[in-house]
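Please look at the sequence and the structure before reading on.

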Amino acid sequence: MNRQVSPVFLGLVTVMGVSAWGVWAEYAVNTGLAVFLFVVSAWIVSLCLHEYAHARTALHGGDISVGAKGYLTLNPLKYTHAMLSIVLPVVFVIMGGIGLPGGAVFIERDRVRGRLKHSLISAAGPLVNAALALALVAPFLLGLLDGAPVAFRCALAFLAMLQVTAAILNFLPVPGLDGYGVIEPWLSHRARRQVEPFAPFGLLAVFACLWIPEVNAVFWDGVDAVMAALGVSWQEVAHGLRYFRFWEGEPQDVFIPY
C-alpha cells in the first residue's frame, strides 16, 4: 500500500509557500501574479486534502483498495477524474471566484459495512473544507493580521471564502454531491434507485440554479453572512478577487475596515 506523499503534492506546497512569502514580504514584482499563484496552488492543495479525507476515511471503513489506487499519496494525478477534481475547480475560481466541489476518488462501497461509515466517508471531504476555512480565518479573529500587507490579508480572505463556498455546495443534499452521499445510506433502496439516474447531473443542476438571479443573490448573501460571522469583511474578499485577477490590473482604491 503506497502512502508516501507524492512529489507533485510537495511541489504544489512549495509553490504555495514561496508565493505566499512573496505576497507577505511584498517582494514580488507583480503582486497580483503572486496572489494568483498563491491562491491557485493553495486551492489545489485543499482539493487534494479533500479527496485524501474521503480516501483515508474509506480505508478505515474497510476499503483497502484506495491504497493501491494511489489516493493516499495526495497526488492529484491519481484521481479517477482529474478534470472534475482539479481542472474544473480551478477554472471556476478563475471565472467566477467560487469554490467548485471536486469529487473523483472511486470508493468501492461494497467493501464498507455500516451506514454510518458510508456517511462519514462522504462527509469527510467537505469537513476538510470547513476546517480549512476556520484555519484561514483564525488570523482575522485573533487579530494577527493587523499591519499585515493588504494583498496578503485579502488573499487569505479570498481563500477562506473559497473554502466556505466549497463546504456549502458540497453539503447540499443533491445527487452527485457529498451532501447526498451523507444521507443516501439512510434512504430506502427504492428511493436510491429512483435518484441514481440523476446523480451525474446534480452538480450541473446546482450551477444552473446559481445562474438564476434570485437564487444567486440568496447564495452570496448567505456566504457573506458566514464570512462576516467569521470576522472577514466582504471588502477583503472582493479585493482578494481583484488581486487574484492580475490580468485586469491591481486594485488602486483598496479600503479595508479594521
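How many disulfides does the count come to? The model is a predicted one, and the count of disulfides in it is zero. A disulfide is a covalent bond between the sulfur atoms of two cysteines. Cysteine 48 is buried, because its relative accessibility is 0%. Cysteine 209 has a relative accessible area of 37% and is therefore partly exposed.

**Nonpolar core and surface patch**

In soluble globular proteins, nonpolar side chains tend to be buried together. Here the largest nonpolar core has 67 residues, and those that touch the most other members are Val35, Phe38, Val66, Phe158, Leu162, Met227 and Phe244. At least two residues of this core come from each of several helices, among them H1 (7-24), H2 (31-61), H5 (115-141), H6 (150-170) and H10 (213-229). Helix H2 gives the largest share, 15 residues. Valine 66 is in contact with Ala55, Ala58, Leu59, Tyr71, Leu72 and Ile107, leaving out residues up to four places away in sequence.

Leucine 37 is part of helix H2. Its relative accessibility of 39% is why leucine 37 counts as partly exposed.

**Helix H11**

Is helix H11 largely enclosed or largely open? Eight of its 11 residues are buried, so H11 is largely enclosed by the rest of the structure. The buried residues of H11 are Gln235, Glu236, Val237, His239, Gly240, Leu241, Tyr243 and Phe244. Of these, Phe244 is also listed among the core residues that touch the most other members.

**Salt bridges**

Side chains of opposite charge can pair when their charged atoms come close. The count of salt bridges comes to four.

| Pair | N to O distance |
|---|---|
| Aspartate 63 and arginine 111 | 3.7 Å |
| Arginine 111 and glutamate 108 | 2.6 Å |
| Arginine 153 and glutamate 236 | 2.3 Å |

The salt bridge between arginine 153 and glutamate 236 links distant parts of the chain, with arginine 153 in helix H6 and glutamate 236 in helix H11, 83 residues apart. Arginine 153 has a relative accessible area of 7% and is therefore buried. Glutamate 236 is buried as well, because its relative accessibility is 1%.

Aspartate 63 and arginine 111 also meet in a salt bridge. Aspartate 63 is in the loop between H2 and H3 and arginine 111 in the loop between H4 and H5, so this pair ties together parts that are 48 residues apart in sequence. Aspartate 63 is buried at 0% relative accessibility, whereas arginine 111 is partly exposed at 37%. A network of salt bridges links Asp63, Lys69, Glu108 and Arg111.

**Positive phi angles**

Most residues other than glycine have a negative phi, and most peptide bonds are trans. Glutamate 26 is not a glycine, yet its phi is positive, at about 55°. The residue lies in the loop between H1 and H2. Glutamate 26 counts as exposed because its relative accessible area is 62%.

Leucine 74 is not a glycine either, and has a positive phi of about 65°. Its place is the loop between helix H3 (65-68) and H4. With a relative accessible area of 9%, leucine 74 is buried.

Technical notes
Residues are numbered from 1 along each chain as its sequence is written. This is a predicted model: local features need pLDDT of at least 70, side-chain atom pairs count only at pLDDT 80 or more; totals for chains, interfaces and linings use all residues. Side-chain values use heavy atoms; hydrogens and water are left out. A nonpolar core is a set of buried Ala, Val, Leu, Ile, Met, Phe, Trp, Tyr and Cys residues joined through side-chain atoms within 4.5 Å. Buried means under 20% relative accessible area, exposed over 50%, partly exposed in between (1.4 Å probe, protein chains only). Helices (H or I, at least four residues) and strands (E, at least two) are DSSP runs, numbered from the N terminus. Contact means heavy atoms within 4.5 Å. A disulfide is a pair of cysteine sulfur atoms within 2.5 Å. A salt bridge is a side-chain nitrogen of Lys or Arg within 4 Å of a carboxyl oxygen of Asp or Glu.
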